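Dear colleague,

I am passing a structure on to you below, together with some notes on its chain symmetry and aromatic contacts. Please read the notes with the coordinates open beside them.

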Protein chains: 4
Amino acid sequence: MNRFGKRFAFTTFGESHGEAIGAIVEGVPAGLKIDKEFIQQCLNKRKPGSNQYATGRKEGDEVQILSGIFKGVSTGTPIAMIIFNTNQKSKDYENIKDIFRPGHADFTYFHKYGIRDYRGGGRSSARESATRVAVGAVAKLMLKEFGIEVLSGVASVGKVKSKNIDFEFAKQSEIYSLCSQSEEAQKKEILRHKKMHNSVGGSVKVKATGLPIGLGEPMYYKLDGAIGEALLGLNGVKAVSIGSGIEASFSNGASNNDPISPEGFLSNHSGGVLGGISNGEDLEIDIFFKPTPSIFQPQKTIDKEGNERVCELKGRHDPCIAIRGSVVCEAMVACVLADMMLLNATSKLESLKRVYNASV
Amino acid sequence: MNRFGKRFAFTTFGESHGEAIGAIVEGVPAGLKIDKEFIQQCLNKRKPGSNQYATGRKEGDEVQILSGIFKGVSTGTPIAMIIFNTNQKSKDYENIKDIFRPGHADFTYFHKYGIRDYRGGGRSSARESATRVAVGAVAKLMLKEFGIEVLSGVASVGKVKSKNIDFEFAKQSEIYSLCSQSEEAQKKEILRHKKMHNSVGGSVKVKATGLPIGLGEPMYYKLDGAIGEALLGLNGVKAVSIGSGIEASFSNGASNNDPISPEGFLSNHSGGVLGGISNGEDLEIDIFFKPTPSIFQPQKTIDKEGNERVCELKGRHDPCIAIRGSVVCEAMVACVLADMMLLNATSKLESLKRVYNASV
Amino acid sequence: MNRFGKRFAFTTFGESHGEAIGAIVEGVPAGLKIDKEFIQQCLNKRKPGSNQYATGRKEGDEVQILSGIFKGVSTGTPIAMIIFNTNQKSKDYENIKDIFRPGHADFTYFHKYGIRDYRGGGRSSARESATRVAVGAVAKLMLKEFGIEVLSGVASVGKVKSKNIDFEFAKQSEIYSLCSQSEEAQKKEILRHKKMHNSVGGSVKVKATGLPIGLGEPMYYKLDGAIGEALLGLNGVKAVSIGSGIEASFSNGASNNDPISPEGFLSNHSGGVLGGISNGEDLEIDIFFKPTPSIFQPQKTIDKEGNERVCELKGRHDPCIAIRGSVVCEAMVACVLADMMLLNATSKLESLKRVYNASV
Amino acid sequence: MNRFGKRFAFTTFGESHGEAIGAIVEGVPAGLKIDKEFIQQCLNKRKPGSNQYATGRKEGDEVQILSGIFKGVSTGTPIAMIIFNTNQKSKDYENIKDIFRPGHADFTYFHKYGIRDYRGGGRSSARESATRVAVGAVAKLMLKEFGIEVLSGVASVGKVKSKNIDFEFAKQSEIYSLCSQSEEAQKKEILRHKKMHNSVGGSVKVKATGLPIGLGEPMYYKLDGAIGEALLGLNGVKAVSIGSGIEASFSNGASNNDPISPEGFLSNHSGGVLGGISNGEDLEIDIFFKPTPSIFQPQKTIDKEGNERVCELKGRHDPCIAIRGSVVCEAMVACVLADMMLLNATSKLESLKRVYNASV
């Protein structure tokens, strides 16, 4: 089950400390210019080792494209992308090879599979998300052709919220903060936890603009359902909300319904989705990350035989996974939207006739 | 895209005011006793028209099983279930056939498909969820064989929270409230909104107990990801959280990690999922519903030609969709778990050998 | 695994002697006029009991459409069709409930599932193919909008070949023979076997005309691959060939290649498929059916406990399944083509832009 | 659509003259010893350039495993395999970049995608089949654990049939001939065509032994249907038959049915499949290949603008694709069987209980 999407679909492979990670992307329509620079830039945003707010593991994360492109343009065949791992320090993990790190997938992988690659979490490492970002970049290239943009940023670090929501500011903030006023406090909150050998949670906002009406495939691949799977399936994500989200549960119909005018919807509590289908308004999503489970304090745990043990971690870890996680959220939403664009193309007989130049 | 699940999978059909709704369930292992009474009881919990807290539409919701059962036992072939619609009042919808009800899928269905069955929302009606409940009942029958139980209840109505969480109480509460102390206030909150021709939001808790370790298929069909799709795809659901959920984003690693002891996890912030795989603890999910979009107050809208119009609804509607929605959430989680039970069966070569009696 | 197709997809249910059989069709673009008469006509062609060349079981095979249509037009939601069984004679099967009929699926179903519905073969009965024909009729309605036609007929009965290939003649032949000259001899061949309480094999040709170039999705859903699955999966089919088929294996490149001229291909050894993609020529397929396994002669078999037994059949059976099988082959090819039409719609970025009216 | 299989599933990428080709394999149960040498040996059997009966293109076809293995054993995570292309001579294709080679996919790829990688046929090249062989080798490693073996060999070259069928002989024959007596004549037939700058067709037999009863998932992923898709989707395959195949269509029920005795089936006209499910007998399949479309004679064709042109090929090509094709057929059947082994594991509730150690 290492594949995501129905038509714009991708399959990933790779472990944190294996030879390489990568993805095969299918369904990209032929004729799309593939800007390799842009893909690399997206990867650079997620790349570890950039500053003190992220893990110290320094990976070049240089993507190579192995197929599917001819003369700079997609050919309709699968686009394979690969990133070789270069900065693994597997030794860091020798001491934890027989124990289960709290908050990590060590325990569940071991019991599910009877064997686990303990080096950096193996497949369960967030390292896999680099391949999602690479695929998301291809999705964004496609979406751009239709005037669709996907944006993201950090809405809170611990309890320090972004007072204003400014996706442009987030693009250049070291911690992708959505707010120039709150950024400093958020940075401090991260470093405060880091110094205490601890970590901190955070939340992320994703917005998509320029969407056509009609994206989302009822009944079981609705836009919001697909987003739920894309984002609740990310490492560390514990909650996802769309539009007014949890607030909607406190509200009443008269307040929460978005009235419609000839100029469009008069509010956007729906977050751009009605009945699982995009309504042309901005898609608005909130994603809530738990604190990094890797902390440098002794923690109670057990080993494979069930004996009491103390977990003491080495290695290099993000003090707040929401930061780099925001880049991954953005990528996943782009993938969902690209998929929905393809799926929706045949919703009407009229559209299909337009494709085949049949008489309407 | 009217199919859900990979191995325990179902496909549904039907519109609110069409002839019938129904589902085909695949993947049920042969040899399971199918207790039709139990399926009907589950449907009765969701059935409309039972009391003043639900819509007045009176549907018998009597399920017929058309295939897949022989002498009371599943045969491994698809189980088709059908519910004929009996209490449609399509006339109620004549006045809205050209306008889009705010908060509903009228607008998006019309633009996506170029045509819409306006009678009761057609396919987009929550009526479809009866088929999910029927399928969920089959899933629960299967899960019961493995000691797994799925429970649900209402955690809040508007801002009135359930002070205690008691799934046993919820089973017999008219509004499936999780709290005997809060039930009365929650009922009042519903009726208060109903009297004002308004509606109110609410939230639901689902818990699953008795899970084996190992359910969930990384990377793109993790247990939490699949739950996200199952629940965020439900009508009216605007947020889904697992375990400590949003609270995790305010927390730090030392507090949020669940330490492990020889007797098991010492806390359950994870909500029973680590790395997308069940860890043997209770699965804990919160689901947040918006208020029913159907309210009996005039609302601004437009018609198909884009002209300003006023939407004035007739018909019969739930004042708080979270109530009956809780039954649907429970059913969907059961379906996800049944699917994961099948998928996980081949995770280890050793398991496969046990199936085929091969030498280990 | 009761679903066929990726986008124009259907899921079927039902047993030979259960209450009903049926199908849910997904992916039909909204706006297609659904001619119920036409669907019934297609079913009538497959309907048993019409003449002495088919089984005596008399089924009305009246299809009811339960969803997905509004005012005679598809709405983009799933189309459910149901056929109630009316002429079951389950008593005919009491004597074989513990033994395995040679040539039938009794043995394999029993061992795979540990239980079998012995009445008329249960799910493994060719009765299920009625649902395929109903779905195929919907596919044909869609294909017609694009000038695509699918035709079929009987090419041989036992060793009696159709000398000429005339799909128009087949339409009105009682045994769907492709040749007015051979029809009489083929009928005699059927009756000769019938009188001897035996059965006879046969072969079928399917042709599709008016295809656009581009149908088929490499690498693993090629047009020929999908046809292979659709047809080799039919009851009684033991071989499928495309274009020059087996003859191609005796041939050489200079003879077998189809030269290309400005007016098109100068021959059609390929049968309309190159690299798994339609090339605009007629699609030509041959399908080879084994003789009906149900014969009225004593046959060696065993019972569930493994004891030697003699199988003596009652019941009503087709003496040559290729006859009615031709109708099913035609339907399945129509389904494959409808699916491919949808899938191919997004092969080029340019097509997608046409759908969304984006600037090219 | 570059993915094959449901549970033992793989996705491939790569073009003939691109940087690399490769595959991601999913669903391999954890705990399987992965013998890399064996995978390489399987690839060596398909490798070009070995002798005068194959193309002169010399590819090392060295496989690298990038993920999914830890300490020599599968971990349950996706196994990525990659083969770098080393001996491309793209120059050979400059002269055909604007024309369509008869019998090849040039014409259809160009029209489907609007662009084509003309170097060696790009994605449509049989080079992709190396990835299938690598995946098939993994499948065979898994099947071996259950005593299942898949064998193949060449049954005919043009009209020169293998008189005897000896799968052991085929293993060491330069042309994988199934018959020591016929091998010499078959070799001559190949060279005769090669000398005339022509090519020749051929046919292949695949046999699988040691199968459990129960493989195959009705209704739409039957064993024979899946084999149909796997093999009719291979480059150059024009017909596939199972068991008595086409002969069955000439036969009668009394002759063609396989009687059953306490010791097993008394004949195997079914080829090991009844009702789409394995019956425990040997699986027997015949596959018919067209002659290589690449011949060194001038052929009529057109260019992209539709002008008359003459196609004169350079490059290096197999005179008979059935030879190396046999290795690919064997691999694909192994993949189908591995998939069916996983899918069948949950057919019975009893099997599932065995996996989870639940009380029966």
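**Symmetry and ring contacts**

Chain A is superposed on chain B by a rotation of 180° with 0.0 Å of shift along its axis, at an RMSD of 0.0 Å, where copies are superposed by least squares on the C-alpha atoms of residues with pLDDT of at least 70 in both. The model is a predicted one, in which local features need pLDDT of at least 70 and side-chain atom pairs count only at pLDDT 80 or more, while totals for chains, interfaces and linings use all residues. Residues are numbered from 1 along each chain as its sequence is written, chains are lettered from A and ligands numbered from 1 in the order in which they are written, and side-chain values use heavy atoms, with hydrogens and water left out.

Chains A and B meet through the same surface, because 100% of the interface residues of chain A are also interface residues in chain B (contact means heavy atoms within 4.5 Å). For chain C, a rotation of 180° with 0.0 Å of shift along its axis gives the superposition on chain B, with an RMSD of 0.0 Å. That is the relation of a two-fold axis, and in chain C the C-alpha nearest the axis belongs to C:Thr11, 3.7 Å from it.

Over all chains, the structure holds 36 aromatic pairs (rings of Phe, Tyr and Trp, the last by its six-membered ring, with centres within 6.5 Å; planes under 30 degrees apart count as stacked, over 60 as edge-to-face and the rest as tilted). One of them is the edge-to-face pair of A:Tyr356 and C:Phe146, at 5.8 Å centre to centre and 75° between the planes. This pair crosses between chains, from helix α10 (residues 349–356) of chain A to the loop between α3 (129–144) and β8 (149–157) of chain C; helices (H or I, at least four residues) and strands (E, at least two) are DSSP runs, numbered from the N terminus. Both A:Tyr356 and C:Phe146 are buried, that is, under 20% relative accessible area with a 1.4 Å probe and protein chains only.

C:Phe107 and D:Phe265 also form an edge-to-face pair, 5.0 Å centre to centre with 80° between the planes. Since C:Phe107 lies in helix α2 (residues 106–113) of chain C and D:Phe265 in strand β13 (residues 264–265) of chain D, the pair joins two chains. C:Phe107 is buried at a relative accessible area of 9%, and D:Phe265 counts as buried at 12%.

Methods: Buried < 20%, exposed > 50% of the residue type's maximum accessible area, 1.4 Å probe, protein only.
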